Amino acid sequence: MSNETDVIVIGAGFAGLYAVHRAASAGLSVTALEAAPDVGGTWYWNRYPGARCDVESVDYSYSFDDALQGSWTWSERFAAQPEILAYLGHVADRFELRRHYRFGVDVVAAAFTQADGRWQVRTATGETFTAQFLLCATGCLSALNRPNIPGVDDFAGEVYFTAAWPREDPELRGKRVGLIGTGSSGIQVAPILAGQAEQLVVFQRSANYTIPMPNRPWSPTEQVQIQEEYPERRRASAYASAGTPHGTYHKNAVDADPQERLDALWKRWREGGVLFAKTFPDQSSNLAANDIAREFAEERIRDIVTDPVVAADLIPDDHPIGTKRICTDAGYYATFNRDNVRLVNLRREPIEAITADAVRTTEASYPCDVLVFATGFDAMTGALNRIDPTGPRGERLHDIWADGPVTFLGLMVPGLPNLFTISGPGAPSVLANMVLHAEVQVDWVMDLVLTARRRGVREIEPRRDAAQSWTAAVATAAAKTLFPKAASSWYLGANIEGKKRVFMPYTGGFGTYRRHCDDVAREDYAGLVLTTR
Ligand code: NA7
């Protein structure tokens, strides 16, 4: 394998694997680098018990190849991590993608040299790779957040992170487990920890809304039907607002009568999953509409949790429903009805320190044998900033993004030619079906790369004004929604100390975003400067 290729792809998740496939199929030479020992991306690392995708399996899978689609049968409505990882392994086998990869390779730096018009990428072991084009498919949720709690290193018991879970599940029988973090990961793992451990203490800094997931196996009849209906399902998703065939109720919540609203909310609640956050078209943009859905969900929490004080603590008080990532769970609220589970509200009693054998709050000391951190990620920009690419004029990503991400279509950065940020900030990414989103972005990038090579283009860079205008469009779209009201959301970078608070995903919708990408390509890449040799 040569260290000098046409393209370097960083990452072996959904986006990276497809990028490698597209580049290699087009006859380009590819170096692919991945920190993990195998393919999977975020699904390689997040192997904690209960890890499951909140988008239905039939949608959360590649659409680019009918034969691939026909070759895989999902066993459940919402796929669990092992099945998603097996699927990505199947894709890698089918298209022989592993032969392009170097696994266990940590990329620590990247610099573009104008003299040869190439990116040079350096790894933690000092090895270098060069290519004309650098595709960072480094993931939105891959840079783990290690909380800076006083005494955290003094803990003498076992410590696990949901986002770096060991391959062998730890034995928790007879142990006192402390769980720190109640986002999607904490909420998914809690019921399982409660079932295994002698005692579980859940330390909650911010409560989140979670919708029970009525997961079930697909019957053999449904599996046949899924295959038959796939073409229509994919057509309906291609330009849909979230990249899935699901829409919203046909009326705004504020225009529907009370019974109608209740029926619509019950229907979505029973269907389960993230769709509850989009029951009504006005739910993410009108506080009165949001209140209707929020109050319904809060009633359900009070229905399930028997202790009213615990129920009150589990109800968020700092954001409209759905403006922080809504969670999906398998019995989270009911977990707090168990005798061996205790909720500690850190808003009332903040953690003072972690000691050798306990978590000490301002009110009490909670002895623990095991600590599980489900403390999230430096989302969307973390993995890119850790590489901190440097452009030909010495500009570094870190500085270019000092006041928040500046991008062209969430895919390119002014000052960093020939670099592409797949699933980067400024695109719908985490607000849409990430798999179809990856396909759209990779197709757009590869079409551009192939056009550039046909024309003898050496450098592609977005014009600064074009990037500023896209970035302004991202901010304008967010301002029309309630999303920026969620003060502690990772969409805003608010979960990371010192991170600039800027709403990062594009809220205009997947379909609208895709049309923008189509238009730019149709207008011969208006907004980009293509420099020939
Ligand atoms: P999240 O959603 O970022 O959740 C992290 C949780 O950890 C959240 O409850 C945080 O509270 C909590 N946290 C973080 N640092 C601390 C400290 N220092 N002390 C106490 N609690 C802390 O990450 P997930 O992995 O659950 O989910 C990420 C996404 O993956 C999810 O949205 C899905 O899209 C899939 P906070 O809210 O910051 O107060």
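I looked up Ser423 and found it buried, with a relative accessible area of 6%; buried means under 20% relative accessible area, exposed over 50%, and partly exposed in between (1.4 Å probe, protein chains only). The model is predicted, so I note its thresholds: local features need pLDDT of at least 70, side-chain atom pairs count only at pLDDT 80 or more, and totals for chains, interfaces and linings use all residues. Residues are numbered from 1 along each chain as its sequence is written, and side-chain values use heavy atoms, with hydrogens and water left out.

**Positive phi**

Ser423 has a positive phi of about 60 degrees although it is not a glycine. I located Ser423 in the loop between β17 (419–421) and α13 (434–454); helices (H or I, at least four residues) and strands (E, at least two) are DSSP runs, numbered from the N terminus. Asp524, also not a glycine, has a positive phi of about 50 degrees. I placed Asp524 in the loop between α15 (510–522) and β19 (528–532). Asp524 is partly exposed, with a relative accessible area of 43%. Most residues other than glycine have a negative phi.

**Thr381**

I found Thr381 in the loop between β16 (370–373) and α11 (382–387). Thr381 is buried, at a relative accessible area of 4%. Beyond its neighbours within four places in sequence, Thr381 is in contact (heavy atoms within 4.5 Å) with Trp401, Pro405, Pro425, Lys499 and Met504.

**Helix α5**

A kink of about 35 degrees lies at Ala190, shortly before Pro191. Among the buried residues of α5 are Gly186, Val189, Ala190 and Pro191.

**Cavities**

I took a cavity as a set of points on a 1 Å grid over the protein atoms alone where a 1.4 Å probe fits but cannot get out, with lining residues having an atom within 4 Å of a point. Grid points are joined across faces, edges and corners, and a volume is the space filled by probe spheres set on the points. I recorded 3 cavities of 30 Å³ or more. The largest cavity holds about 50 Å³ of space, and its lining includes Val58, Trp72, Trp74, Gln227 and Tyr230. The second largest cavity holds about 40 Å³; Trp72, Trp74, Gln227 and Tyr230 are among its lining residues.

How values were computed: On a 1 Å grid over the protein atoms alone, a cavity is a set of points where a 1.4 Å probe fits but cannot get out, and a pocket is an open set with protein on both sides within 12 Å along at least five of seven lines; lining residues have an atom within 4 Å of a point. The bend at a residue is the angle between axes fitted to the seven residues ending there and the seven starting there.
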